[in-house]
Amino acid sequence: MIRTFCLSCIYALLIATCFMGEPLKSSDFAHDSVSVRLEPVGINQYPPVITALAIDPLGEWIAASGDDHVIRLLSRSTMKVEATLIKHVDWVRSLEFSPDGKRLVSAGNDGQLIVWHRDSDWSAEQGLVDAPALRCATFSPDGKMIAAVGFAPKVFLMSVDSDARPKLDCACRDLRSVDYRSDSLMLAVAGRSGDVHFYEATTGSTLGDVQLHRKRISNVGFIGDTNRLFTTGEDGHAVVYDTELRRVLQDFEVANCKLFAGCMLGESHLAVGGSDNLIRIFNIDNGTLVAKLLGHSGTIATLVSANGELYSGSFDTTLRRWDLRGIVSGARVAEIDVATQPDARTSRLPRN
């Protein structure tokens, strides 16, 4: 694969965005950002595209990985690479630290799920092997379980403290995302069908499903300690759904864009990114677009946040850190042209 980095090309991409029905304004630019391009490792000749990021809850590390199969641990304060973890043999698609920061789980196209241990210099423990390509792995909020999904109609579960490896059947192949509710009692799973499937996490019982997108869902995540969740999809929509009320609270449409990444900034702001190289931040309480962040020149593949900072990874091979404390507090408000009307969706999720 040949990658070229040309200032004029990036400039052309920004100009092209102006003519896609979404004019750029001075308020669209985020000035407080740091950009890092990761150096090639080993026999790799090019910087990696970045498809997975995770933030260390202890505040020390940012984990980053992508198409070169190498996981890098960057100092959160300096954004410099301090360690590399090598065991995957294909693209790494998912990274997440455990709630206590003592473990890092990685998963990818090679069908491996690997648990890395902080207390033993990030030694590796094999979780799943010979699984289908995996797209997402996540710890339960209580830190006792790991759930993973990929290109099979299965939800793979792994106990952190035992050899238990149960599997849940799902009526959807090509699953892309899984997340636990904050009490660790409910699982939400989503992928190609555009439906979100719900499970009782301890028994595996099916709780129902709801159709939220017309195309593949790329991300699903519960919001804080609430019954609400967000989804992003390749239909260009980002949806906020209440699992208790069984209704859509917000539906944001981003025209001419496939959304591949999303994360919450606290409990009131949602950041999304995708194929048009922009990051948009929405206030999910009042349905407004707060800001558009420009800087990437390639598809945005992953977003994570903590303490007012947003980290983004892109196919332009850069990792960016954005300081959003001013934006999220409402310092900048951009003109909105998105649909935010709640509506009814096809739901088979029983009321609690």
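**Entry 1: strand 4 and its partners**

I began with strand 4 and strand 5 (residues 81-86), which pair in the antiparallel sense over 5 bridges. For my own use I noted that two strands pair if DSSP finds at least two bridges between them. Strands here (E, at least two residues) are DSSP runs, numbered from the N terminus. I reminded myself that strands of a sheet pair through backbone hydrogen bonds, either parallel or antiparallel.

Before going on, I wrote down that this is a predicted model, where local features need pLDDT of at least 70, side-chain atom pairs count only at pLDDT 80 or more, and totals for chains, interfaces and linings use all residues. Residues are numbered from 1 along each chain as its sequence is written, and side-chain values use heavy atoms, with hydrogens and water left out.

Back to the pair: I found Arg-72 opposite Thr-84 in strand 5. Strand 4 and strand 5 form a hairpin with 5 residues between them, and Met-79 in that turn has a positive phi of about 65°.

Next I looked at strand 3 (residues 61-66), which runs antiparallel to strand 4 and is joined to it by 4 bridges. Trp-61 stands opposite Ser-75 in strand 4. This is a hairpin too, with 3 residues between the strands, and His-69 in the turn has a positive phi of about 75°.

**Entry 2: is strand 4 buried or exposed?**

I checked residues 70-75: 6 of the 6 are buried, so strand 4 is largely enclosed by the rest of the structure. Buried means under 20% relative accessible area, exposed over 50%, and partly exposed in between (1.4 Å probe, protein chains only). Val-70, Arg-72 and Leu-74 point one way, while Ile-71, Leu-73 and Ser-75 point the other way, and all are buried.

I then traced 4 strands that form an open sheet in the order 10-11-12-13, with antiparallel pairing. Its edge strands are strand 10 (134-139) and strand 13 (167-169), as each pairs on one side only. Inside this sheet, strand 11 (residues 145-150) and strand 12 (residues 152-159) pair over 6 bridges. I spotted Ala-147 opposite Leu-157 in strand 12.

**Entry 3: Cys-170**

Where does Cys-170 sit? I found Cys-170 in the loop between strand 13 and strand 14 (175-180). Cys-170 is buried, with a relative accessible area of 8%. Leaving aside neighbours within four places in sequence, I listed its contacts (heavy atoms within 4.5 Å): Pro-153, Leu-175, Val-189, His-197 and Tyr-199. Cys-170 and Lys-154 are 16 residues apart in sequence, and 5.4 Å apart in space, C-alpha to C-alpha.
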